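This report describes the chains of one model and how they pack against each other. Please have the sequence and the coordinates open while reading.

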Amino acid sequence: MKNVRFDFIIHWLWTIVFALLVLSGLAMVGAKYGWILNYDIASADYIHRLLAAVYVMLTFISVAIEVIRGIKGDDKKLTWFIIGKSGYQLFTFITTLIFIITGVIIWVCMDSNIAAVSFALYIHEKLTYIVIASVIWHIYVKCHALLWPKKTEAKKNSMEAGK
Amino acid sequence: MPDKRKLHFWQLVFVFGAITILALAANYGYGSMKQPGMMNDTMGSMMGLMHLKNITVSDLVKQQERLESIQGQAQTQNHSNHHATSGSFLKTAHYLTTAAVILLLPFIIAGSIFLAIVWIK
Amino acid sequence: MMQKPWFKLVIWILATSFFFMASSIIISHLSPGPTEHQSMRYMEGMMGAMHNSLMGLSMTIEEDFDLKRLIINASAITIPLICISIILGLYIRLIRGKRNAG
C-alpha cells in the first residue's frame, strides 16, 4: 500500500465519480433514456448534483496540483494523472472544462436564461456521447489492466504499470 | 485478433454488442406489436408525432418557460413557497453543492488558463 | 496495487459499467420513439425531481439573496483571477525562457 501514488488514487476516484455521473445523467436525457434508472428522475438528479460537486472538487485539486507543478517547473509526467499536456490527458482536461462550464450554466441559469440553458444542455448531452466513446477507446488502449493477474504475468504487468 | 492482451476487451465488445442488438430487436418487436396502427399514418404526421414524442430535456425546459410566462408571477410565488417547506437536508445539500461549484469554477478557469499559457510551446 | 484481486474486480466493474453506458446510449438512441406510457413516466419523474430533489431548489436561485450574492461575488473574482493567471503564466514562461537561453 505504501507505494500507491496520489495520481493513481485521483485517477480511480475520478473514474468512479464519472461513471456514476454518466449513469445518473443518462437517465435524465429524455423519455427514451428513462429506463436506465427506472424513471426515478428525482434520485438521478440528486445523485447527479451531489457528485457534480465532488467532480468539480476533484478537478480543482488536479488543476491546483498542475499549477503548482507548473510554477515549480516540474516537467515529470504523471502517468496516472487525469489532466496533462498531451494525448488523452489533454482530451480529458478540455472535455472536463466544457462539462463543468456547461453544467454550471444549466445549474445557475435554470431560472433566468432559458436559451443559454438549452444550448448548454445540448452541448452537455452530445459531449457525453463523445466522451463515452473515448472512454471505450481508452479501455481498449489500456485493456491489459483487465487481464487477471497470473503468477508469471504479475511481475511484467506491475513493471508496465509503473512505467 | 491475435493479440492476447486485447482478448478481454473484445469479449466485452461482443457481449455488449449482442445485448444491444437483442434489446433493439426486442424493442422494435414490442413497439410494433403495441401500436399496429402507427404505420397507417402519413409520413408527415408520423414525423410530427415522432418529434413531439422524442422530447429531450431541453424541450421540457422550453415548455416550462412558456407555461411560466403564461401563468405569470403567481405561479412562481407558489413555486418558492412550496420549496420553502421541503426538507431542510435538501436545502443544506443545495447550498453546499451550489456554493462549491460556483466558488471553485473561477479558480478552475483561471488555473486552466495558466496551464494553457505554460504548456503551449 | 494493480495486481490485487479486489482491485481487478473494481476495474472490471468499471469497464463493464462503461460498456453498459455505451450500449444503453445506442439502445436508447436507436429504439423507436417512446410510447405514451414512457413519456408519461418520464414527465412524472421530472415533476418528482422538481418537488423532491435539488432540481426544484435550483429553480429558486433567482429569489435566493445569499446564493445570488455568492454568484455575483464569484463572477466578480473571475476576471481578476484570469488576469493574475495570465500574468503569472507569462512570468513563468519568461523565467524559463531566460533559464533555457542562459
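## Basis

The structure is a predicted model. The values below are computed from that model, and local features are given for residues with pLDDT of at least 70.

## Chain A

Chain A contains 5 helices and 0 strands, and its pattern along the sequence reads α-α-α-α-α. The chain has 163 residues, of which 53% count as buried. Its accessible surface is about 7,800 Å², with 71% belonging to carbon and sulfur atoms.

How much of the contact set in chain A comes from residues 24 or more positions apart? Among contacts with a separation of 6 or more, such pairs account for 55%.

## Chains B and C

Chain B is also described by helices: there are 5 helices and 0 strands, in the order α-α-α-α-α. Of its 121 residues, 32% count as buried. The accessible surface of chain B is about 7,800 Å², and carbon and sulfur atoms hold 69% of that area.

For chain C the count is 4 helices and 0 strands, giving the pattern α-α-α-α. Chain C has 102 residues, and 47% of them count as buried. Its accessible surface comes to about 5,500 Å², of which carbon and sulfur atoms make up 72%.

## Interface of chain C with chain A

The contact between these two chains involves 47 residues from chain C and 51 residues from chain A. Together the two chains bury about 4,500 Å², and 75% of this lies on carbon and sulfur atoms. Which residues of chain C lose the most area to chain A? They are Gln3(C), Phe18(C) and Tyr42(C), which together give 15% of what the chain C side buries.

## Interface of chain B with chain A

Here 33 residues of chain B are in contact with 42 residues of chain A. The area buried between chain B and chain A is about 3,400 Å², with 81% on carbon and sulfur atoms. On the chain B side, Arg5(B), Ile108(B) and Trp119(B) lose the most area to chain A and together supply 22% of what that side buries.

Two packed helices are described by the angle between their axes and the distance between the axes.

## Ser134(A)

Ser134(A) lies in helix α4 of chain A, which covers residues 114-141. Is Ser134(A) buried or exposed? Its relative accessibility is 10%, so Ser134(A) counts as buried, the cut-off being under 20%.

Leaving aside residues up to four places away in sequence, Ser134(A) touches Tyr88(A) and Phe91(A). The C-alpha atom of Ser134(A) is separated by 9.4 Å from that of Thr92(A), and these two residues are 42 residues apart along the chain.

Definitions and conventions:
Residues numbered from 1 in each chain as written. Chains lettered and ligands numbered in written order. Predicted model: local features only at pLDDT ≥ 70, side-chain atom pairs only at ≥ 80, totals over all residues. Heavy atoms only, no water. Helix = DSSP H or I, 4+ residues; strand = E, 2+ residues; numbered from the N terminus. Buried < 20%, exposed > 50% of the residue type's maximum accessible area, 1.4 Å probe, protein only. Areas by Shrake-Rupley, 256 points an atom, 1.4 Å probe, with all protein chains shown as cover. Contact = heavy atoms within 4.5 Å. Buried area = accessible area lost by both parts, 1.4 Å probe.
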